[in-house]
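Dear colleague,

Please find below the structure I am handing over to you.

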Amino acid sequence: MIGTMIRSSDRAGEVAMVTRAVEVEAPAGTLQRGLAILDLLALGERPTVSELIDRVGMSKSAAFRVLATLREHALVEWDSTLGGRVVPGERAVLLGVSGLRTFDPWEHGRHLLAELAHTLGESALMAIRDGAEMVYIAHEDHSDHMVGVRRLLGARRPAYASSLGKAYLAAMPDSELEPLLESLELQAFTPTTITSIKELRAQLAETRERGWAIDLGEHENGVMCFGVAVLDHVDHPVCSISVAGPQDRIRANQDRVIAQVTATARALSERMGHLDQQQQLTETSQ
């Protein structure tokens, strides 16, 4: 009898230990599932509860429990049915707006820019527009090359004579772009500088189509750059980033440079709340 009691006590202890373990792990699991739901909403998706159960991988009871908690804190809204769409709540919207108001592209993008420079072994730059000029606000260079791009931090360049500028201009809405183009006085800095508005319009159209701009020594001989605009939540350009270096070196790695610059600009745009075309199509279809 004593032996049986000991075994029962052991089993009770085991049950108690398991119960305590579940109690400790449950909040973490609930938090992870709640964050997974918020991640889906941040991508522009508006799933039903049934879809969340499949996507996040939880039971029906767990889904309703997590959603109830999120709704209690105004992070989501939904009509409490399996077929009801889950949408961001008031507090989630306020968090997003607050983040956009305080967003600093240099502060949030400098480590991405540094990683881009390190990955490619070339100069990575960021610039913002000031009228018809681009102002360089960041310059990262992690290369060991003897020949490279001189430091441009704080420098100004005509928007039409750089990949940074052309990427930015191409991303501007026509209502803002057209008055700017009409006011430009195109000056030649090198033999490859664009000197006609017709040619500039053609290059901007190509840039819009493919998503990146190119500079073939248009302000400095021998330099080649690829630039991509960083967009905000309403598809408006905030800044541009580029990779620059000697033409022979950049041309030899052109495809890789374009891919890396584009990926970095997309990552920074996502932090601005921008949805790419595929995400927008997903949201529209829902």
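Two residues are in contact when heavy atoms of theirs lie within 4.5 Å. On that basis, among the contacts in the protein chain with a separation of 6 or more, 58% are between residues 24 or more positions apart. Please note that this is a predicted model.

The protein chain has 286 residues, and 39% of them count as buried. Its secondary structure comprises eleven helices and eight strands. The accessible surface amounts to about 15,600 Å², with 54% of it belonging to carbon and sulfur atoms.

Helix 3 was examined in more detail. This helix covers residues 60-72, and its end C-alpha atoms are 18 Å apart, which agrees with the 18 Å that 13 residues should span at 1.5 Å a residue. Its buried residues are Ala 62, Ala 63, Val 66, Leu 67 and Leu 70. Viewed down the axis of helix 3, these buried residues fall within an arc of 125°, so they line one face of the helix. After helix 3 comes Ala 74, which has a positive phi, near 60°.

Leu 94 counts as exposed because its relative accessibility is 52%, and the cut-off for exposed is over 50%. From Leu 94 to Leu 75 the C-alpha to C-alpha distance is 9.6 Å, while the two are 19 residues apart in sequence.

Note on methods: Residues numbered from 1 in each chain as written. Predicted model: local features only at pLDDT ≥ 70, side-chain atom pairs only at ≥ 80, totals over all residues. Heavy atoms only, no water. Helix = DSSP H or I, 4+ residues; strand = E, 2+ residues; numbered from the N terminus. Expected span 1.5 Å × (residues − 1). Buried < 20%, exposed > 50% of the residue type's maximum accessible area, 1.4 Å probe, protein only. Arc of directions from axis to C-beta. Areas by Shrake-Rupley, 256 points an atom, 1.4 Å probe, with all protein chains shown as cover.
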